[in-house]
Amino acid sequence: MTTTQPRESQHVSADDYVAILSFYARQMHLLDDLELEAYAATFTEDGVVDHAHRGQRVAGRAAMLAYMHAALPAYKRVVVRHWFDHLLIEPTADGWQVSYYSLVTRTDADGAVTFEPTFSVRDNLVRLDSGEIYTSLRVLHQDRPSSVVQD
Amino acid sequence: MTTTQPRESQHVSADDYVAILSFYARQMHLLDDLELEAYAATFTEDGVVDHAHRGQRVAGRAAMLAYMHAALPAYKRVVVRHWFDHLLIEPTADGWQVSYYSLVTRTDADGAVTFEPTFSVRDNLVRLDSGEIYTSLRVLHQDRPSSVVQD
Amino acid sequence: MTTTQPRESQHVSADDYVAILSFYARQMHLLDDLELEAYAATFTEDGVVDHAHRGQRVAGRAAMLAYMHAALPAYKRVVVRHWFDHLLIEPTADGWQVSYYSLVTRTDADGAVTFEPTFSVRDNLVRLDSGEIYTSLRVLHQDRPSSVVQD
């Protein structure tokens, strides 16, 4: 049997894994509850959100907030929820790089649920000496049919 | 950088986090497999399920069972699955308070999937000295567009 | 209060739980990114995938690969993502048996999302002395309305 597979248990400790899940839970509750200032504060001051699929890069908390406030009218008639799965976590010098799936539901006042496209997200997370976690970079790719499947 | 963020790693140990996830996995398998007596037994005897979004409060295992048996005909033609995400876990005197997202799928005999509205759920969990976990209170809020987004 | 409930915290350590989640994250990223050889390598050489709902059993990595390559044309126009939840993990002699929910999204080039039927999956996972995890058996059941709910 091949021995080239990574040993999952070396990648991240259970404590760190749970800290990362808890960070994302808090960050997504803030975003989806439209607590935009508190959400922006989960990024580093110079944090970047890169919507790679549409060539749009927002740098810094202030720009992030301006961008989100401009987008708010789209959320008047729906409640948005971000769903994550399958976190791949790699330690870095000051935190972790995390790649995961993201699905976004929109629930309207009648309870009808619609879906945004699925996304593949890659985050750089930094952890301060105090233990606090922040996102310094988020790159989002809308999932598109793969070029490896040829006609 | 602000230091007002909570330190996620202080909130809940990895062992407790996994015990809570395992509890929910068992509880939801029982519910979705319609093992209603076993599901009711995952609540304390005086456990409460509060459907806050429709002003309906069911108190005690017996009432819970009567309520679920009355609802069973709705589940003749679909398989229901509850999906959770983004658990926010806060220790309490005798267990934890847990807030999370919930999505409910309904799969019919032909495999077609439909969705119930998304929910925000807040549970009180109690842990006995033996380590067993029970739900003492579950409050469900159907997600509705937020009043903070004004015209 | 009844004391017949299992003690969740005895079932699986936090380290093992995280190792299993990380294994599934890697395995599903490989599958959904159509890295089929690498995906097949996450099974033991004699690994079996049993689509119990349609009476189809594929045994061994080579047969698995042939099967997946034959199915590839169906994935030319969509990106598939497998979403897991509610893992029930039981230790075995050489690893774990894991039962979980599975939801499959298909995202097309326009971003429209459709859903395959939900599934209940039961895996046998083996862990080598080196710590590496492999799937030796995967049994998939399409969720169908239960016979316990009578007219």
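A salt bridge here is a side-chain nitrogen of Lys or Arg within 4 Å of a carboxyl oxygen of Asp or Glu. The side chains of B:R81 and C:D143 meet that rule, with N to O at 3.0 Å. This is a predicted model. Chain C touches both chain A and chain B, and the two interfaces are taken in turn below.

| Interface | Residues of chain C in contact | Residues of the partner in contact | Buried area | Carbon and sulfur share |
|---|---|---|---|---|
| Chain C and chain A | 43 residues | 36 residues of chain A | about 3300 Å² | 63% |
| Chain C and chain B | 36 residues | 42 residues of chain B | about 3300 Å² | 63% |

**Chain C against chain A**

Chain C and chain A bury about 3300 Å² between them. C:H29, C:K76 and C:W83 supply 20% of the area that chain C buries here, more than any other three residues. The interface holds 1 salt bridge. It joins A:D143 to C:R81, with the closest N and O atoms 3.0 Å apart. Several elements of chain C supply at least two residues each, among them α2 (14-32), β1 (43-51) and β7 (133-142). The largest share comes from α2(C), with 13 residues. By class, this side of chain C has 22 nonpolar, 10 polar and 11 charged residues.

**Chain C against chain B**

The rule finds 1 salt bridge between chain C and chain B, and B:R81 and C:D143 form it. The interface also has 10 residue pairs in polar contact, both at pLDDT 80 or more. On chain C, α1 (8-11), α2, β3 and β4 each supply at least two residues of the side that touches chain B. β3(C) gives the most, with 6 residues. This side of chain C divides into 17 nonpolar, 12 polar and 7 charged residues.

**Helix α4 of chain C**

Which residues of α4(C) are buried? In this helix, residues 61-71, they are C:R61, C:M64, C:L65 and C:M68. They lie on the same side of α4(C), because they cover an arc of only 95 degrees around the axis. That buried set packs against α2, α3 (36-40), β1, β2 (56-59) and β7 of chain C. The face turned away from the buried side carries exposed residues: C:A62, C:A66 and C:A70.

How values were computed:
Residues are numbered from 1 along each chain as its sequence is written. Chains are lettered from A and ligands numbered from 1 in the order in which they are written. This is a predicted model: local features need pLDDT of at least 70, side-chain atom pairs count only at pLDDT 80 or more; totals for chains, interfaces and linings use all residues. Side-chain values use heavy atoms; hydrogens and water are left out. Contact means heavy atoms within 4.5 Å. Buried area is the accessible area (1.4 Å probe) that two parts lose on being put together, summed over both. Helices (H or I, at least four residues) and strands (E, at least two) are DSSP runs, numbered from the N terminus. Ala, Val, Leu, Ile, Met, Phe, Trp, Tyr, Cys and Pro count as nonpolar, Asp, Glu, Lys and Arg as charged, and the others, Gly among them, as polar. Buried means under 20% relative accessible area, exposed over 50%, partly exposed in between (1.4 Å probe, protein chains only). The arc is that of the directions from the helix axis to the C-beta atoms. A polar contact is a pair of N or O atoms within 3.5 Å; within protein, one must be able to donate a hydrogen and the other to accept it, and residues adjacent in sequence count only if both atoms are side-chain atoms.
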